[in-house]
Amino acid sequence: MTPRRVARWRASPGRLRSIAVVIAAITPGTAGAAPAPSASPGTPAAQAAPAEQPRDAKAPPSISEPPPSLLSGKPAHGAAVDPVFARLQLQRLRCAFHEQKRIALLARPLQSSGVIYFDRDRGIVRSTSAPHAEKAVLTRTALRIQKGDRVEDIPLDKSKDLQAFALIVPTLLRGERPAIERSFEIALYGRGDAWWALEFTPRSDSLRALVRRVVVFGRAGELVALQVAEASGDTTDTRLSDLHKNGDVPDAEIAAAFGAP
């Protein structure tokens, strides 16, 4: 049988990083969450410091990258964010992800890539293919991480903060704004029919001990990227591509991703 152990809910920093990985999956992976002095706020870190160009060079704006000024200006709150939530509601999603995790003690970011699955009733699966095979399954009450023959189950329902942190993305994709607002302040930058960013800021000190903020970037009804800034100072940037929604994701794929029902 596959060895399995259930972790205590009072998670260690390593386990918190595992949960951050799952969150970044749809977003689970984007750009450094807290703007660095050399970075333009609101854009992924990877694009915050472009190569220096001649003064007279005029690079055309990218249609696939959030505008550098997106997180500037006065944000909207409350019911004003509902149009974005409505556009994002999904039954299913499959997409590719590429992620960079920046850790203070490392000179270079850690990179990973793979596929993310979302199912409204089951949760999120993040299947990493590089640099090493790893599978994380996030439901409403638990996080399961599988590396080879090793399986670790982390219960989330014994800590409201841990659960709120881990479930931002699936709750967003279900369109459940009130559920998120119990634990996070939500601010909307941009417009729901163009480029937008949803910023989630913890309400409680105990939740701020886990995460400083989460930012989800999108364009109209498409998710593009996610920023996660952990309380430790580590940041996770996840970029999404090749999105397939609802009926374009077959039952067999969902069943295979989540395992036997």
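User: What is the relative accessible area of Arg239?

Analyst: The model is predicted, so local features need pLDDT of at least 70 and side-chain atom pairs count only at pLDDT 80 or more, while totals for chains, interfaces and linings use all residues. Residues are numbered from 1 along each chain as its sequence is written, and side-chain values use heavy atoms, with hydrogens and water left out. Buried means under 20% relative accessible area, exposed over 50%, and partly exposed in between, with a 1.4 Å probe and protein chains only. Arg239 is partly exposed, and its relative accessible area is 22%.

User: Which side chain meets Arg239 in a salt bridge?

Analyst: A salt bridge needs a side-chain nitrogen of Lys or Arg within 4 Å of a carboxyl oxygen of Asp or Glu. At 3.3 Å, N to O, the partner of Arg239 is Glu65.

User: How many residues apart in sequence are the parts that Glu65 and Arg239 tie together?

Analyst: Helices (H or I, at least four residues) and strands (E, at least two) are DSSP runs, numbered from the N terminus. The side chains of Glu65 and Arg239 form a salt bridge. Glu65 lies in the loop between α1 (13-24) and α2 and Arg239 in strand β12, so the separation of the parts they tie together, in residues, is 174.

User: How far apart are the closest N and O atoms of Lys147 and Glu134?

Analyst: Lys147 counts as partly exposed at 45% relative accessibility, and Glu134 is partly exposed at 25%. The two residues form a salt bridge in which the closest N and O atoms are separated by 3.7 Å.

User: Which strand holds Glu134, the partner of Lys147?

Analyst: Lys147 forms a salt bridge with Glu134. The pair ties together parts 13 residues apart in sequence, because Lys147 lies in strand β6 (residues 142-147) and Glu134 in strand β5.

User: How many salt bridges does the count come to?

Analyst: Arg191 and Asp193 meet in one at 2.9 Å, N to O. Asp82, Arg177 and Glu181 are linked in a network of salt bridges. The count comes to 17.

User: How many of the eight residues of strand β9 are buried?

Analyst: In the protein, buried residues make up 46% of the 261 residues. Strand β9 (residues 195-202) is largely enclosed by the rest of the structure, because the number of its eight residues that are buried is seven.

User: Which residue of β10 stands opposite Leu198?

Analyst: Two strands pair if DSSP finds at least two bridges between them. Strand β8 (residues 184-190) runs antiparallel to β9 over seven bridges, and the bridge partner of Leu188 in β9 is Leu198. β9 also pairs with strand β10 (residues 211-219) in the antiparallel sense, over six bridges. In β10, the residue opposite Leu198 is Val216.

User: How many residues lie between β8 and β9 in their hairpin?

Analyst: Seven bridges join β8 to β9. The two strands form a hairpin, and the number of residues between them is four.

User: How much space lies in the largest cavity?

Analyst: A cavity is a set of points on a 1 Å grid over the protein atoms alone where a 1.4 Å probe fits but cannot get out; lining residues have an atom within 4 Å of a point. Grid points are joined across faces, edges and corners, and a volume is the space filled by probe spheres set on the points. Among the lining residues of the largest cavity are Arg87, Leu173 and Lys245. The space in the largest cavity is about 40 Å³.

Note on methods. 1 Å grid on protein atoms, 1.4 Å probe; cavity = no way out; pocket = protein on both sides within 12 Å on 5 of 7 lines; lining within 4 Å.
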